Amino acid sequence: MFYHRRFMPPFCHKLWNCAYPSVYALQNGAILDYGNGKASAFDVKCPDGGRVTIHGILIDD
């Protein structure tokens, strides 16, 4: 499951479009490149000047 805190204003569709492939990959068991290694995490910056950054991490239930 994908959890996130409430975003105000609503979550930007351009930022979600950038983050979605990583979210989908983690939901399906992938391990992503992260810095110099691999991890179940990702960072995405807003394509509109990088004003918002998302740090996503897989949390096991």
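**Ground rules.** The model is predicted, so I take local features only at pLDDT of at least 70 and side-chain atom pairs at pLDDT 80 or more, while totals for chains, interfaces and linings use all residues. Numbering runs from 1 along each chain as its sequence is written, and side-chain values use heavy atoms, with hydrogens and water left out.

**Helix 1.** I looked up its length: at 1.5 Å a residue (times one less than the number of residues), its 15 residues should span 21 Å, and the end C-alpha atoms sit 20 Å apart, which agrees. Helices here are DSSP runs of H or I, at least four residues, and strands are runs of E, at least two, numbered from the N terminus. I found a bend of about 40 degrees at Ala19, with Pro21 following within four residues; the bend is the angle between axes fitted to the seven residues ending there and the seven starting there.

**Ser22.** Buried or exposed? Ser22 counts as buried, at 18% relative accessibility (buried is under 20% relative accessible area, exposed over 50%, partly exposed in between, 1.4 Å probe, protein chains only). Leaving out residues up to four places away in sequence, Ser22 touches Leu32 and Phe42 (contact is heavy atoms within 4.5 Å). Strands 1, 3 and 4 are included in what covers the buried residues of helix 1.

**Tyrosines.** Tyr20 and Tyr24 lie four residues apart in helix 1, about one turn. Together with Trp16 they form one aromatic cluster.

Note on methods
Rings of Phe, Tyr and Trp (its six-membered ring) pair if their centres lie within 6.5 Å; planes under 30 degrees apart count as stacked, over 60 as edge-to-face and the rest as tilted.
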